[in-house]
Structure formats: C-alpha cells, structure tokens
Amino acid sequence: MPESTEILNALVLFANYIIVPGLAYGSQLALGALGVTLIYGILRFSNFAHGDMMAFGTMVTILVTWGLQSVGIGLGPLPTALLALPLGILATIALCLLTDKWVYKYYRSQKSAPVTFVMASLGVMFMVNGIVRFIIGTDDQRFFDGERFIIKAREFKQMTGLNEGLAIKTSQGITVVIAIILVILLFWFLQKTRSGKAMRAYSDNEDLSLLSGINPDKVVRTTWIIAAALTCVAGVLYGLDKSFKPFTYFQLLLPIFAAAIVGGIGQPIGAIVGGYVIAFSEMMVTYPYKKFVGYLAPEQWQPDGLLQLLSTEYKFAVSFIILVLVLLVRPTGIFKGKVL
Amino acid sequence: MSNAIRATLAFAVMFGLLAMVGFFQSWALALTILNLCIISAVMALGVNIQWGYAGLFNIGIMGFAALGGAAAMLVSMPPVGNAWEAGGMNILYSALMFIGTIVAAVLVHKKLPDNGWRTFLMIIVLVTGYFLTRYFYEPMVSAIESTDAAKTGYLGGLGLPIVLSWPVGGLFAAGAAWVIGKVALGLRSDYLAIATLGISEIVVAMLKNEDWLTRGVKNVNGLPRPVPYELDLQQSEWFAAWVEKFYAADLAALEGAAREAAMRTHMIEASGLFVKLCYTGLFATVLLIVLTLCVLALNSPWGRMIRAIRDNEVSAEAMGKNVTGRHLQIFILGSAVCGIAGAMLTTLDGQLTPTSYIPLRFTFLIWVMVIVGGSGNNLGAILGGFLIWFMWVEAEPAGVWLMSVLTTWLPEGNSVKAHLVDSAQHMRLFTMGLVLLLVMRFAPRGIIPERSGR
Amino acid sequence: MKKLLLAGSVMAALSASPLMAADEIKLGVFLGFTGPIESIVADMGPAAELAIKEVSDSGALLGGAKVTGVRGDTTCTDAAAATAAAERLITSDKVSALIGGDCSGVTTAALQNVAMPNGTVMISPSATSPALSTLEDNGVFFRTAPSDARQGEIVADILKGKDVKSIALTYTNNDYGKGLAESIKMNFEKQGGEVTISASHEDGKGDYSAEVGALAAAGGEVLVVAGYLDQGGKGIIQGSIDTGAFDTFYLPDGMVGDALPEAIGDDLNGSYGANPGTDSEGAGIFAEMAEKAGFKAGPFSAESYDAAALIMLAMQAAESSESGKLKDKVMDVANAPGEKIMPGELEKGLKLLAEGKEIDYVGASAVELVGSGESAGNYREIKIEGGKIEVVGYR
C-alpha cells in the first residue's frame, strides 16, 4: 500500500476522534467560559451558579421545543430547538436579572468582598438546581430532531476508499457555526458599540469609568443579559450534541471554570482559547496512539502497548493538571486576565 | 445582644432541636445526627482557621477530607499478604523510581542556574522518570489488582488501631497542603482557591482509580471500629445486666415471654445508643482539643499577628512580618484539621467510599456552615457545623411533610399534587440555598459573629 | 404512577404522626432519590411502591394490614447521609424492613451501621458487588440482583459462543461497573480471549469523545459496555456508532431495556447481551404493569418490585411483620417448591401462604435466591433485531 494512503488514514483517524469532537466540545466550553469570564470581568466574582443557569436555559428551551414539536412546527433538517432557543434565552435573562436584583445588588451596594458574592452565587446555585429538578425532573432528555449527520463514517469510507471513517454530526456543525457567530458578535459589541466600550472601561477601572459618567447599573444589566444569552446557548448546544440532564450540567461547571482561568479570567479571548485548550488536552492526553502510530510507523516498529499517556479515568483530572501547570508557569493565564 | 448570650442561646436552640428529634423521631437518630454534627463542626473549624483567621479561600476541602479517609483505611485494615507477594520487588522499584525522579528534578531546579538549559534538563528528567517509573509500576499494579480482585485486589493497610489514623489523616492533609501552599500562596488570592479545587479533584480521582492502593470504586468495607459492635453487646452478659438495671421499672410489670420480648427490644435499642455514645465521646474529645488549641492560638501573639495580616496585608508586611510564611502555616494547620475530620468520618462510616467525595457535600456544604455560623469565630463555626448538618439531614422528611401539607387542598390523584410531593427530595438543595442567602443577607457576619475591637 | 406516588408519599409524610393503627405496616423504600443514579431510581422507587400498593389494596396480608412505603434517600454516594436516613427509617418511622439500598457502598454502610444492629431485613434490588456475598450480615441481608461474579461467566460464555476473539471493555466507574468489568475480563481471558482495553467512563458527564476515542484505538470485535442504559453507557454506544468505532455491542444487565434501541435506533441491530430472567413471562407482565402505573420498566425496577414483594410474602409466611421472624422465610417464599407467583399475583400468593401452602415467587425478574440470600442468576440471552429486544435463549 502506498505511503500516502497510510498518512491519510492516520490523519482521518485523528480528525474523527480528536479534532471534530474536540472542536465541538471546545466551542461549548468556550461559550460557557465566556459567560463566566464576563461576569468576572464586570461583577468581579466567580459565578458558581453558572452550570445551573445553563441547565435552566436549556430546560426552558426543551419545554418550548416539545411544545413546537407537538404542534408540528419544525426546521426541516435542522433541530427544532433552534427555533425555541430565543425563548430559552429570554427566560435565562429574566432569571439572571431577577437573581441580580434580589441577591447580588445588595452586596454591590455594600461593597462586599468578592468571596461574599461567590458564596451568594453558591446559594443561587443550590436554589436553581432545586428548581430545575423540580420542573423537569432528573431524567435524561433528548430533544434533538432533524438530520443527525453531515457526513457519516460509513459513507466517508465508501467515498474515499480509506480504512478510517470520518463522521460529522449536525449538532457538531451547528455548535461550531453558532459559536463563531456569537464570538464575532460579542467582539463587535465590545469594541464598537457604546455599551460595549462602557463595559470595557468599567472592567478596566471601575472608579475612573464612574467618574467619566458611565452608568454602573446599565453596565451590570448589559453584562447579565449577554452572559445569560451565552450561557443559554452553550447549554442548548451541549444538550443537542450530547443530552440534557440536570446533574451533567452541574458537573460542567468545573471544566468551564478551568477553561476561563487557563485562558486568563476576565479575558474573552482567553475564555475561547481556554475552552479549546481544555477540550483538546482532555482528548489528546488520554488518547491511545497505538493505531495512529501504527499507520505511520514502518512494519517492524508496530507498537505493542496502547501508547496512552494517561488512562481515560484521569480525563477529568487533566483539566486541573493543566490549570495547576498554567498557574505555576504563568499565573495570569495564557492571556493576562481581568481586562475585558 | 452580647456575643456570649448569643452563643449560649444559639447552642441552646441547637441542642433543643436535637432533643426534639430524640423525642419525636428517635434518640438513635438524634445521636447519629449529633455524631455527624460534631465531625462537621471539626471540619468547619479547619476551614474557619483558614478563612476566618487569615482570609485564605480554600475550595478543596473535599480533597483533604478524602486524604483523611484514605488514612483511616490505610492505618486500620490488615495488610493483604498475597498482594504484597504479587507486587514483589516492583513495589519497591517503582517507589524508588518515583522518589528518585522527584529528587532529581528538585536538585536540577535548585543547583543549576536559571536559564533555558535548566528547563530543558528538568523536562528530560521528568519524562525519563515518568517512563522508568511506569516500567516497574504497571506490572506491579496489574499483579496486585488481580490477586483475588473480587475480595481484595489491593495492598491493604497496616492493621493498627483506627484511632491512630486520625492524626495520620491530619499529617496526610498537611503534606498536601504544604505542596499546594508552596505553589499557590503568594500569588493572587483567588489562585489558591483554584489550585485547591484542582488538587482536590486530582486526589479524589486517584482514590477512585488507584485500585492497588485504595481498592478504588469497589470500596473498602468493614474497617475495624474503635468502639464495640452492637451484636457483641447484645450477646454480652454485663451489658444485659446493665440494661436490666436501667429498664428495671419498665420490665418489672412484665413476665415470661412478654418480658423476654421487651428485654430484646431494649437490648437492641440500648446497644445502638451505647455504641453511638462511645463515638460521641471520642469525637467530642477531638472537637474539644481542636477548639482549645484554636482559642489559645487565636489569643496568642501569633493569633494577633495572623489577624493583623488578614486585616491589612500591606502594613503587616511593612512591619516586617513574613506574610507568605504565616499563610503557609495557617493553610497547613487548617487543612490538617480537615484531614482529621475526614478520618473521623470514615471511621464512623466504617468504610472508605471514594465515590462519596463530591464537592457539593464536602466543599460547598462546609463553606455554608462556616458562613452561616460566623466566620472568624470558633464557636460560630461549630454552631454552623451543627446547624447545617442538622438541616441537611432533616430537610428531606421536612420537605416531604411540607409538600403534603401545602397540597392538602388539592384533590387526591391530582397530577400537580403528585408531582410536587414526588419532588420533595429535591427541596433539600433548594432549602440549603435559601438558608444561605437569607443568612448572608440578614446576618452577614453569621449567627455568632467574630468579636472585634479588643 | 401519579396516584400511587401520591399515596405513598402522603402516607410517608403522615406516618410521622405517632398515632398509628395497629395493623399498619411500614416498609422503607431506601434508594438514591437524589445523586448520580437519581434518574434510574425514578423508576425503581415507584416499582417498589407498586408492589406495596398491590398488597395493601388486596387486604390479604396478615388479615388485612395496610402497608405503606416510607422513602429514605441514600444519595447513592454519601455513606453518612445514607446512615442517617436508614436510622430515621428504622428507629423513627419504625419500618419493618428496608427495600434497598441501591449502590453497594451506601448499602454496606447502612447494613453494618444500622440494619444489622437493629436486626432489620434489607433486600437490595441493585447492589451487585461480590463483596456483599461474604459480608457478615447476621442473616438480614438479601438481594434480588445477582452478584457480578456470576454475570462475568455468562458474558464470557455468550461471547465464546459467538466465536469472538477480542473485546474492548468499558464500565461505569462505580462498584457495579468495576466489579462486573473485572469479572468479565477474568472469565473471558480464562477462555483464551483478548481484552484490548478496559476503560472506565463516568456517569453524568455527557461528553464521552475521549473514552470512545480510546476504545476505538484499542480496537476489538465487540465493545462490552458495563454501564447503565440511560447514563454513560448510552453515551458511549451513541458515540461509538456516530464515529464508526464499533458496530456490535455486548449489553450486560444494566444496559438491557427497550429504552436503548428506542434511543439509538437501527444502528443497534445485531448487538446482543443478557439480563437476569428465565423463560417465565414475569418480565413482560411487569412491563405492562409499569406502563399502566406510569413509569418505565428501567434497569433494576423489576428487582425493586420483587424486593418489596418478597418482604411482604415473607411476612405472610412468618405470620409477623417483624424482621427477626420474616428473615427466615425470605428464602422459602422465593424458591421452589410451591406454586409459581407472577407479578400482579401477589394477592394469590398471600392467600396461598395464609392457607399454609408453599409458594415459589418468580416475580418480574425470575427470583431464585441461593447461598447467603442472593439471586442465583438465571440469564436470558437477547439480541437486538429490527429495533426490538428479542429473546434467543436462556442460560
């Protein structure tokens, strides 16, 4: 067999198991981490309720999706959930603004220490957690409909004649496309619009920005609205790609935090990079390179072992190991943190 | 209201609540809750040392508690001879390789000048060490784990009395805290939080997956107890005599079979209570020792220095105090206390269950205790530990009761009613959140606040 | 189900009152209503309560005693909370026996710290750890789920029958998954097969790309998924099919259920497995009953129904609701000789026992208790064909 087929096989293998899922997972983490980082940049605390806000938004979206499906409204090959998404976003925004009004606002007026906010967000986390389970229950919910695949592994094999297949799911495609659109929108907003500039100024130097006549309440409100929208979209995309379960969303909090911090907390660009760093490192460190090397290495060098750096059991720990390493080498995160 | 009165009142209410459980539910339940309350209080004291005294934000309590739990198992379980034989010399070799790698890396770091070569050499040493260690480690692991996997499959422990494990658990936690502190203290304050969160996740991941050491998710059951077993008590004559004396009035009226049956019931009940009281005694002793040390430390010159650092780091540093050094001390001490509590908890459970270490229960709940009780105040932390654990356990029956009361006006068979009653268990989280928010809003310094301005 | 749940829970709540009729019997439904397996328990709890309601409504138990279920939350993971909940059920609610616990860890904690000292019978529907077989239990612990050790042999036999030479193995990272995986690996290797990789997956994570990648890289003819069908196990299968990593899967007991082919679709055709069962029609009857009551016949729900039924049948046989007496009768009512009792026929069973006749409770999961009171492990070999589970034989 010619050498080039072997190389192609190896590349497709890599794309199928690492690049494609990594891009989708990374995008979901990045959107989540963007929300965390915006809150941190403006309100100056780590929002532990983030995972459960995601679950709340997704839950509303699912309920609306079911409603639409029952009256027969759909998007053809695309999932119906995309139609329901705006309502989910609105609900998440409402929830965020309400919690801000009832909980966080008081502590802002008291000029409380950041850790007080963190504790308060913990309280909000517990409550939203209870509410979500209360409404939709604890079960696994799948709400994906429409065409499942852009390319199927088997079709790809027939098309190219390669040993290895490449599959791209619709949900993965949608995730990446939406993530790119949202990120562009966000940066445009932060760089070009008045409110965006106000947000950046506020994040950079609160006192100075107040002196120059920026309305802090408006900045905080805008931040919550944007963060809520990002949060809800991240949750829905994750749910579309995998499945929705309240418990899963609570667990997502940890990799999302890791992503935000590795990138440099408070830094939107950092959150995006952090999301992909966490997603790809989780996969690459635990991937056994046996087959991959098998395609590339000459006959007599075929590996016996799995060539796995860490077993998948430590997948979860990988994001934290990276986090600790980044803190050791570059304590501010990849991009220097705490400026929008 | 002065603090002393406030504290007395708060504890009176707390013990009143426990007494109510005793009267309305059962004394066994009240004591079970009390024992866990004490352990929670010790853990909350540990966090209070870090947060209340020095403003260190540790969200890795779970990891320190888990290390304490592992210590309880490693100290108390009998060693598994077959597994040691199966592992053979590879155990020694891989340990040597691991230690050698660390020592070599540290030497390179210390002895060579700081330039690109040093980093390069470090990486070489670490990578070589990793593969050398794995060379001996992997056959060792598979040999040990396959010796009677269903029952043992791990090395076992030292077979010593389990009470010894409490200080050992503290030492384990202190060691981990030293490493974390060296890495993260002195950087921006929230990085300590992040580092502790990360390390605690890694510690638990290791407990779950290093089966040769901890049996992983298969759990280690039946840790030896520091107190007698109920079944032994029920067989023993001295205990029977004791019960007979205690319930004499009750038994006097009965005869024959009825008397025997009543006696049996009393024996079962009394043996349970006796064992729980033994635990209570042990745990309360630890709590008192830790509390005394805390109070002494807080009122010593050292304690004043620590609080001075907390209140104004910059000026303390200007006065020539070694802020990072003191922080490291505090962090290690607080973590050690958490480790001790973790070992006590595993002792009470009688088993090591790595899957039980989840941040919700072991990190966030403890934080709620400290904040609600009153950070910076030892008694406050203890009260928080008691109160919050009490609510954590009692929220479930209370939730069910509340739901059914709230829905009595709905007709039988109404689906809304059924759904509400069905979801009662989830009210536990909701209640915890609500309590936390209410306390933070209306009593922001906790139920028993720190005394200030002395 | 709604009605039933309502009844169960309201009574649970009211039972806190000290006033209680003399002929009222309470059973603890001691399962992980919150925590990692809360979605499975959402069907296990109602299944146990279904049996309780059936008996209570029949009025045939101990001369017309009412039976109610009192729920207690094991949380599945937190031994301390589980111990406290068991303590409450036994000493405060004064339940006669416990249906539960669910996860092996909390089950052993509650058994050793609470149930054994109080002499309260526990019948676990889902704790499968082999360690529980040898644990000192003073005769109060039983389980309607077979030990992992037995299933490992079955899996190896079936795979050998299909002439499979190499498998990849993934398990849910808890005592059930790990214990089963080790048992499968040992038995399969004993028969000369090769296990290319044995990798765990965590339930409740949602993303399994890394695990699927690792399994695919290791390769193997069949992927054995020792997990739960509505948890990580499903995620792994979905991921493997999506990426084209594996086509054929072996499904152990936690993975066999109609929900799986429904969720995955036609791609699952050709996969096979086995779950506890005999050629009795019990499972089918139970599935219908579950549907009528409004819950799914999910993993371990049949075992939950059976656990509850066994306790109450043993009470009838012992003519007492006391754990100390009924514990000696559990094995008698579960095993031959006697008339076979199917799910939904509890009234008949109770009446036969009242007449002094013997019964052999078959139930929803073909209960057969052996040794120290655990399920013998008769297995039903199945395959997925046309999106449906088809039974192909019995082992």
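Modeller: The model is a predicted one. In it, the side chains of Glu164(A) and Lys291(A) form a salt bridge, at 3.5 Å from N to O.

Colleague: How many residues apart in sequence are the parts that this pair ties together?

Modeller: Glu164(A) belongs to the loop between helix 5 (153-160) and strand 2 (168-169) of chain A. Lys291(A) belongs to helix 12 (residues 290-296) of chain A, so the pair ties together parts whose separation in sequence is 127 residues.

Colleague: Is Glu164(A) buried or exposed?

Modeller: Buried means a relative accessible area under 20%. Glu164(A) has 7%, so this residue is classed as buried.

Colleague: Which residue of chain C meets Lys218(B) in a salt bridge?

Modeller: The N to O distance in this salt bridge is 2.8 Å, and the pair joins Lys218(B) to Glu182(C). The contact crosses between chains, from the loop between helix 9 (211-214) and helix 10 (230-235) of chain B to helix 7 (residues 175-190) of chain C. Lys218(B) is buried, at 7% relative accessibility, and its partner in helix 7 of chain C is Glu182(C).

Colleague: What is the relative accessibility of Glu230(B)?

Modeller: Glu230(B) meets Arg225(B) in a salt bridge, at 3.0 Å from N to O. Arg225(B) is buried, with a relative accessible area of 16%. Glu230(B) also counts as buried, and its relative accessibility is 4%.

Colleague: How many salt bridges does the structure hold over all chains?

Modeller: Some residues are linked in a network of salt bridges, namely Arg148(A), Lys169(A), Asp241(A), Lys242(A) and Asp242(C). Over all chains, the number of salt bridges is 29.

Methods. Residues are numbered from 1 along each chain as its sequence is written. Chains are lettered from A and ligands numbered from 1 in the order in which they are written. This is a predicted model: local features need pLDDT of at least 70, side-chain atom pairs count only at pLDDT 80 or more; totals for chains, interfaces and linings use all residues. Side-chain values use heavy atoms; hydrogens and water are left out. A salt bridge is a side-chain nitrogen of Lys or Arg within 4 Å of a carboxyl oxygen of Asp or Glu. Helices (H or I, at least four residues) and strands (E, at least two) are DSSP runs, numbered from the N terminus. Buried means under 20% relative accessible area, exposed over 50%, partly exposed in between (1.4 Å probe, protein chains only).
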